[in-house]
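Colleague: I am new to this structure. Could you show it to me and take some questions?

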Amino acid sequence: MACKGHAIPGQSYYYGGYAEYLYVPNYRYLVKIDIDPIEAAPLTDAGLTSYSAVKKALPYLKPDSVVIVYGVGGLASYAIQFLKHLVPYVKIVAVSRSDSSLSGYGVRAHYAVHPSDAGKVIRDLNPDGAAVMLDFVGNEDSAKMIPLLEPGGAVILVGMEGKSYPIPVFETTVWQYVVIGSNYGSISEMEEMVKFVKEHGIRSYIEKVPLEEDAVNNALNRLAEGKILGRFVITP
Ligand SMILES: NC(=O)c1ccc[n+]([C@@H]2O[C@H](COP(=O)([O-])OP(=O)(O)OC[C@H]3O[C@@H](n4cnc5c(N)ncnc54)[C@H](OP(=O)(O)O)[C@@H]3O)[C@@H](O)[C@H]2O)c1
């Protein structure tokens, strides 16, 4: 999580992203699961990252707080479900550009709106603004939501789409906003999250793809075009 030497198979300096088996140097890196491994696969990244981000948001939330979930995709689909179970008393406003994102997962939030409508919806819910923004985009556009936070509000920054993240100096200073970076999660959070998913029936949006060249390439192309709802899981 915060280890400077961390490595991701298939993404860092070694291969193995599509391997059927993975060598781990110690059993303490293994997490017992009591769910279908295909359902569990996206939990290691999308599930854990969202869970850890939501946990970081909890100290800022109280009854009737407004939470912005910006950028509705694979990670947000978990975050919205975790919020609903962990803090059922908050109001979740999912913000995304496309109707398909908003109707695909956004319907699970209390409100699902386009970025241009977010200000009005949030101020109608609480004139002071939102307590937290879970930012699953992290670019110049999502940073424009920061002034919609209430005094003392927090941004949990997860998405890494932009080169920069312009923080409004006046509002951030005067209203004492907090920006917290969030990277994956810890092993103990993984254990906690896997149990939580089982206990609360958290849903994974999954498409299965066989481990065959054409099928995988086709799925990767559809992923690049934004046509996969949730995650595809390669099934050997
Ligand atoms: N910090 C970490 O540990 C960590 C771990 C995993 C992933 N991530 C990052 O978290 C982010 C979200 O991951 P994800 O898997 O949920 O992605 P995803 O499935 O592609 O969903 C992101 C959604 O954000 C919306 N969006 C709004 N503005 C966007 C923009 N400028 N560029 C791209 N998408 C935009 C898109 O929906 P609309 O088209 O409806 O706007 C998209 O569906 C990514 O940046 C990813 O790299 C971070």
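Questions and answers on the ligand site, the surface and some backbone details follow.

Modeller: This is a predicted model, where local features need pLDDT of at least 70, side-chain atom pairs count only at pLDDT 80 or more, and totals for chains, interfaces and linings use all residues. Residues are numbered from 1 along each chain as its sequence is written, and side-chain values use heavy atoms, with hydrogens and water left out.

Colleague: How many residues are around the ligand, and which come nearest?

Modeller: A residue is near a molecule if one of its heavy atoms lies within 4 Å of it. The ligand has 22 residues around it, and the nearest are Ser98, Ser101, Glu161, Tyr184 and Arg231.

Colleague: How far is an oxygen atom of the ligand from an N or O atom in the side chain of glutamate 161?

Modeller: A polar contact here is a pair of N or O atoms within 3.5 Å. For arginine 97, a side-chain N or O atom is 2.8 Å from a ligand oxygen. For asparagine 183 the distance is 3.0 Å. For glutamate 161 it is 2.6 Å.

Colleague: What percentage of the ligand's area does the protein bury?

Modeller: Accessible areas come from the Shrake-Rupley method with a 1.4 Å probe. Taken alone, the ligand exposes 900 Å², and the protein buries 76% of that.

Colleague: Is tyrosine 184 buried or exposed, or in between?

Modeller: Tyrosine 184 sits in the loop between β6 (178-181) and α8 (187-200); helices (H or I, at least four residues) and strands (E, at least two) are DSSP runs, numbered from the N terminus. Its phi is positive, about 45 degrees, although it is not a glycine. Buried means under 20% relative accessible area, exposed over 50%, and partly exposed in between (1.4 Å probe, protein chains only). Tyrosine 184 has 25%, so it is partly exposed.

Colleague: Where is aspartate 64, and what is its relative accessible area?

Modeller: Aspartate 64 also has a positive phi, near 75 degrees, and is a residue other than glycine. Its place is the loop between α2 (46-57) and β1 (66-70). Aspartate 64 is partly exposed, because its relative accessible area is 47%.

Colleague: How far apart in space are alanine 2 and glycine 185?

Modeller: Alanine 2 lies in the segment before α1 (37-40). At 73% relative accessibility, alanine 2 is exposed. Alanine 2 and glycine 185 are 183 residues apart in sequence; C-alpha to C-alpha, they are 8.8 Å apart in space.

Conventions
A polar contact is a pair of N or O atoms within 3.5 Å; within protein, one must be able to donate a hydrogen and the other to accept it, and residues adjacent in sequence count only if both atoms are side-chain atoms.
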